[in-house]
Amino acid sequence: MIVYKRLINNYLKLKIAMKSFFNLNKIKDMKSLAWPTFAFLLFTFSFQSCGNLEKEIDLDLPEYQPRYVVECYLEPGQPFSLLLTRSAPYFEPFPTDLLNFVENILVDSAEVTITHNGVDYVLANEPTINPFTFKLNNYTNPALVPTEYDNDFSLKITTPDGKTITATTRLLPVVPIDSIVVEFDEEQDTLARCLTYISDDPATVDFYRRMLHHNSLLDSIPNQDFTTNDDFVDDRTIVFGTSYEFKEGDTIYNTMFHIDRAYFDFWESTFNAITSNGNPFGQPSSIISNLEGDAGGDWDFYGAEL
Amino acid sequence: MNLKKLLTLGLSICTASLLFAQQTTKITVSGVVKDDDNGETLIGASIYEAASGNGATTNEYGFYSLTLPMGNDSVTLEYSYVGFQPKTLRILPKKDVTLNVRLGTGIELQEVVVKADAFRESIRSTEMSVEEISTRETKVIPALLGETDILRVIQLKPGMPSASEGNTGLYVRGGGGDQNLIVLDEAVVYNASHLFGFFSTFNTDAVKDLKLYKGGFPAQYGGRLSSVIDVRMKDGNSQRFAGTGGIGLISSRLTLEGPIEKDKSSFIVSGRRTYADLITRQVNKANEDDPDYNPIPSYYFYDLNTKVNFQLSGKDRLYLSGYFGRDVFSFEGDFFNFNFSWGNKTGTARWNHVFSPKLFHNLTFTYSDYDYNIETKLTGFSFKVGSNVQDANLKSDFYYGLNDNHILRFGGNVTHHSFGVGRLKASSDDGEVSFSGGNDFTGYSLGAYVADEMSFGEHWKINAGLRLSGFTNNAFYVGVEPRVAALYVVNPDLSLKASYARMYQYQHLVSTSGISLPTDIWYPTTKLIKPQNADQVAIGVEKILSDKYLITNEYYVKKLRNQVDFVDGAQLFANDNLENEFAIGKGYGYGMELGIEKQEGDLKGWIAYTLSLTKRGDFDPIDDTKVYAGEGKYFYPRYDRRHNLAVVLMYELSRRVTISGTAVYGSGDRTWLPVGRFAFQDVPGANFQPIVPVYGERNAFRLPYFFRSDLGIVYKFFPKWGESDLTLSVFNLTNRRNAFFLYLEPQYAEDVDPLEDPLAIPTGVAAKQVSLFPIIGSLTWNFKF
């Protein structure tokens with residue numbers, strides 16, 4: 001009969017190591033490494049290679065009805081804010097600059113309320129932009145998100161055309177970073193790697209998002225950015241690493257988000273959709289959201305430690 | 001003795017109604033039919049006795065058994081095989097005789113007679129939905145980069161709508177790419193492709209022939225839903241030492257064969273290897289000192305086929321054969337080493353024993369192994385990933401020509417499977433990180449079958465069979481697989497056929513992409529993943545026109561259950577709970593196939609047209625927290641191809657020159673494209689994503705139609721030492737760009753780099769079509785001695 005061996009450390013441990021030690025994008029590229037190689041073989045050894053193998057074509061896609069997209073992240077001690085936008089047909093022309101682009105997708109005149117512990121926080125249609133992170137929100141309430149983990153936050157949006165969108169979530173406690181270790185390579189001691197340790201609660205199923213920025217937190221292009229769950233943890237400690245890539249004097253920003261399943265699914269499905277587009281090795285997928293009603297998008301919170 | 005018991009059992013199941021008394025008034029003619037030139041046994045050669053109308057064909061080992069009425073008048077036996085000169089023998093049907101017959105080709109063949117005998121045999125056979133390809137045809141038909149490939153040629157036959165850009169994957173009658181049972185000398189080949197499916201693992205020089213069943217499956221085959229591809233290796237020349245080989249654009253081949261003891265035993269060794277890597281290595285070496293130079297990864301594949309056979313006695317013959325093939329891809333950079341290899345190994349040991357002129361037995365042991373390994377080394381860190389599947393299979397097959405009304409086949413097999421799914425080992429040099437993982441599964445599959453080919457007078461034949469299959473893993477499953485085929489011969493030139501077959505499949509291929517990847521994992525049936533099964537009904541008509549053309553027309557309906565697919569965003573890599581990524585659904589397909597074939601004369605070839613419709617759907621994730629887009633709905637799979645037309649022509653201009661041409665037209669593959677998009681801001685610190693695609697209905701979009709025409713010219717030389725030829729292949733003569741895949745790419749203004757500017761906005765999205773092959777010419781030199 002079956003021998004169903006489950007080894008102590010499973011693949012997810014590999015996944016985290018691969019994601020953090022290698023940088024996931026490099027791994028993804030490996031899959032496509034074969035393809036340019038083949039193209040090379042082909043061209044070197046064929047007598048003729050007549051013209052380009054890639055051409056632009058016109059696609060006639062079926063009609064698409066734009067839907068609402070909600071992004072809302074709750075962070076204890078920060079004001080309530082939410083971004084309500086609409087999606088567009090895939091080939092719809094893009095406005096020429098960022099401002100027009102943003103104006104074009106923002107949805108105004110919706111009624112947005114977040115309810116928690118009997119308090120209705122009404123988010124007014126007042127766009128704000130964070131000058132440090134460049135993140136924009138078009139519905140805000142200056143009240144601060146209470147640090148309270150036991151009760152739901154519920155969201156209700158009534159759109160200008162009378163549709164209702166709802167969702168609920170709960171805050172998750174911050175998972176502190178236990179320690180950060182910087183190690184120089186023994187052979188070539190000019191380059192260092194960074195190991196980040198956190199402690200996972202074995203009693204709960206937890207999801208994390210880990211970000212690492214090099215030199216600037218504001219440049220918004222993280223050196224590392226991935227989500228993971230705690231399936232692999234057997235001794236409470238999770239270590240996130242990097243390859244030997246940092247020089248003396250560099251500043252590294254480690255950010256750990258304690259996220260829930262809904263956000264994990266949303267984030268993974270969103271990035272899967274982005275990366276599978278046009279990848280002959282990939283499989284497209286739908287966006288998994290925790291919104292109810294006629295919308296696609298996300299409603300969530302994050303806990304962060306910088 | 002066990003054998004006797006088995007025999008008795010087999011007989012008692014299916015012969016209760018038979019009249020043994022008849023036997024005294026019958027005689028049996030049996031023997032082996034061989035190729036006169038090299039002693040290779042001929043599979044499917046026809047033996048026909050006109051007076052009684054009785055006929056037989058040779059089995060997979062060239063053995064035949066024909067029962068005739070006893071009499072005092074001599075009768076004429078006609079032996080024939082496609083492309084060979086027929087032979088007639090006269091015998092006095094007084095007692096059982098053994099006749100081992102050799103058929104020759106000879107140059108005089110070209111002018112020989114009307115040769116519709118092979119077609120006649122097809123008309124008289126209950127087998128339907130069968131395609132056969134010989135290596136002789138394969139060698140003439142133009143090939144990609146000059147690499148003749150029997151699996152690519154089979155794609156030109158009716159009902160094989162699969163000749164899309166760069167894919168040897170077979171999607172037979174609406175079946176998936178993993179539903180083909182590919183056996184080489186009876187051993188399962190798990191991944192029959194090299195280089196992501198551009199080439200198959202079968203070296204044309206080592207292969208005798210290929211037979212493909214699309215439906216009406218004989219009871220001796222089981223384990224896959226949609227097709228059986230039975231590839232036989234050559235036995236080796238038992239007459240004289242001989243060699244064949246060739247030097248081509250990307251590979252070279254050499255085959256040596258000859259008698260160990262003339263007429264009694266022979267051997268064959270055949271190898272092929274690509275050599276692009278030898279050149280790329282030199283290029284890399286030459287540029288070693290250039291700091292800006294990016295080394296070219298190295299890639300090669302090879303195949304090695306070996307076989308020996310021994311005639312142990314007049315009644316016993318032993319065959320040992322083996323296949324080893326591997327693809328190796330490697331890259332060595334300053335900080336990054338990558339090594340990726342995959343391949344098949346198969347081994348077969350067979351013992352044929354003729355118990356009596358009526359009873360033939362074959363005992364086979366086969367071993368199959370497929371594995372892939374990826375090794376990566378990065379400064380300070382290394383990891384290895386791999387998967388494998390291994391089968392050890394013992395089977396026993398009986399062929400019993402009971403009398404002229406009953407031919408029985410029965411037997412059974414037991415296979416031990418072991419699967420290593422996603423083995424891995426990762427460690428950092430300093431030991432800070434070190435772990436390994438993987439799942440091992442073992443399982444047994446069992447099969448037992450019996451089939452009786454019954455003749456009822458001149459017009460009717462019915463082949464009724466039953467296969468019982470079983471699989472054990474952490475659950476035990478049994479499959480009852482009835483197989484029935486009926487034949488009505490209207491006249492020697494026209495017959496009507498019908499068949500029904502149920503198939504079970506206990507292994508599933510874990511693959512998300514539409515193309516064959518070496519990293520595709522075979523996964524067993526488990527408690528949660530039930531065996532796939534399918535029912536297929538086919539009806540058909542076969543007609544010989546003017547003694548030259550065989551026209552076949554078949555219609556089929558197929559229903560598939562417990563089909564596997566994957567949930568959205570499935571994590572197939574680095575996941576030790578792979579089962580939770582499966583979704584289970586259904587499928588169906590129906591279609592019509594029309595073929596016109598001409599096998600004799602200066603101009604040979606065929607035209608194949610297929611009209612088909614395939615749908616899959618009603619998928620339900622095993623883990624209900626996962627999502628399968630469009631759950632419940634039916635959709636067209638990528639390989640749903642409405643129309644497919646293939647024309648293959650071979651014209652023998654002179655003794656020296658043969659010209660061949662193929663043309664294939666097909667509806668485009670389906671693809672799943674986004675219809676909408678949204679902008680994703682994400683949390684502070686994260687990238688702004690201006691375009692997140694929102695995918696529409698699954699595979700709702702059809703790629704542009706496929707068209708390709710190829711031309712081949714073979715020019716023969718006849719030097720003293722043997723024969724040689726130059727083969728010119730022009731692939732994609734019209735230089736058409738066929739779509740391999742589409743992708744949608746955001747376009748940015750020239751001065752904007754989205755990798756640098758976190759708030760970059762695209763100017764638009766462009767749809768791009770990627771093709772693989774432009775017009776490609778190649779020249780191959782082949783020789784034979």
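User: Thanks! In what sense do β27 and β28 of chain B pair?
Analyst: They pair in the antiparallel sense, over eight bridges. Strand β27 of chain B covers residues 476-491, and strand β28 of chain B covers residues 494-505.

User: And what joins β27(B) to β28(B)?
Analyst: A hairpin does, running through two residues.

User: Nice. Changing topic: what domains is chain B divided into?
Analyst: There is domain 1, residues 27-113, and domain 2, made of residues 233-750 together with 771-784. The centres of the two domains, taken over C-alpha atoms, are 34 Å apart.

User: How many residues of each domain are in contact with the other?
Analyst: On the domain 1 side of chain B there are 16 residues, and they are in contact with 19 residues of domain 2. The elements giving two or more residues to the domain 1 side are β1 (26-35) and β4 (63-69) of chain B. β4(B) gives the most, with three residues.

User: What classes of residue are on that side of domain 1 of chain B?
Analyst: The side touching domain 2 of chain B has 11 polar, three nonpolar and two charged residues.

User: Let's move to chain A. How many helices and strands are in its secondary structure?
Analyst: Chain A comes to three helices and 21 strands. Of its 306 residues, 39% are buried. Among contacts in chain A between residues at least 6 apart in sequence, 64% join residues at least 24 apart.

User: What is the average pLDDT of chain A?
Analyst: The average is 74, and 73% of the residues score at least 70. Among the elements of chain A, strand β7 (residues 119-123) has the highest mean pLDDT, 94, while strand β21 (residues 304-305) has the lowest, 30.

User: Where in chain A does pLDDT stay under 50?
Analyst: One such stretch is residues 1-14 of chain A, for which the model has 42 contacts beyond four places in sequence. Residues 23-50 of chain A are also below 50, with 31 contacts in the model beyond near neighbours in sequence. Where pLDDT is low, the predicted coordinates should not be read in detail.

Notes:
Residues are numbered from 1 along each chain as its sequence is written. Chains are lettered from A and ligands numbered from 1 in the order in which they are written. This is a predicted model: local features need pLDDT of at least 70, side-chain atom pairs count only at pLDDT 80 or more; totals for chains, interfaces and linings use all residues. Two strands pair if DSSP finds at least two bridges between them. Helices (H or I, at least four residues) and strands (E, at least two) are DSSP runs, numbered from the N terminus. pLDDT is the predictor's confidence in each residue, from 0 to 100. Two residues are in contact if their C-beta atoms, placed from the backbone, lie within 7 Å. A residue is buried if 20 or more other C-beta atoms lie within 10 Å of its own, exposed if 12 or fewer, and partly exposed in between; C-beta atoms are placed from the backbone. Domain bounds come from an automatic or database domain assignment. Ala, Val, Leu, Ile, Met, Phe, Trp, Tyr, Cys and Pro count as nonpolar, Asp, Glu, Lys and Arg as charged, and the others, Gly among them, as polar.
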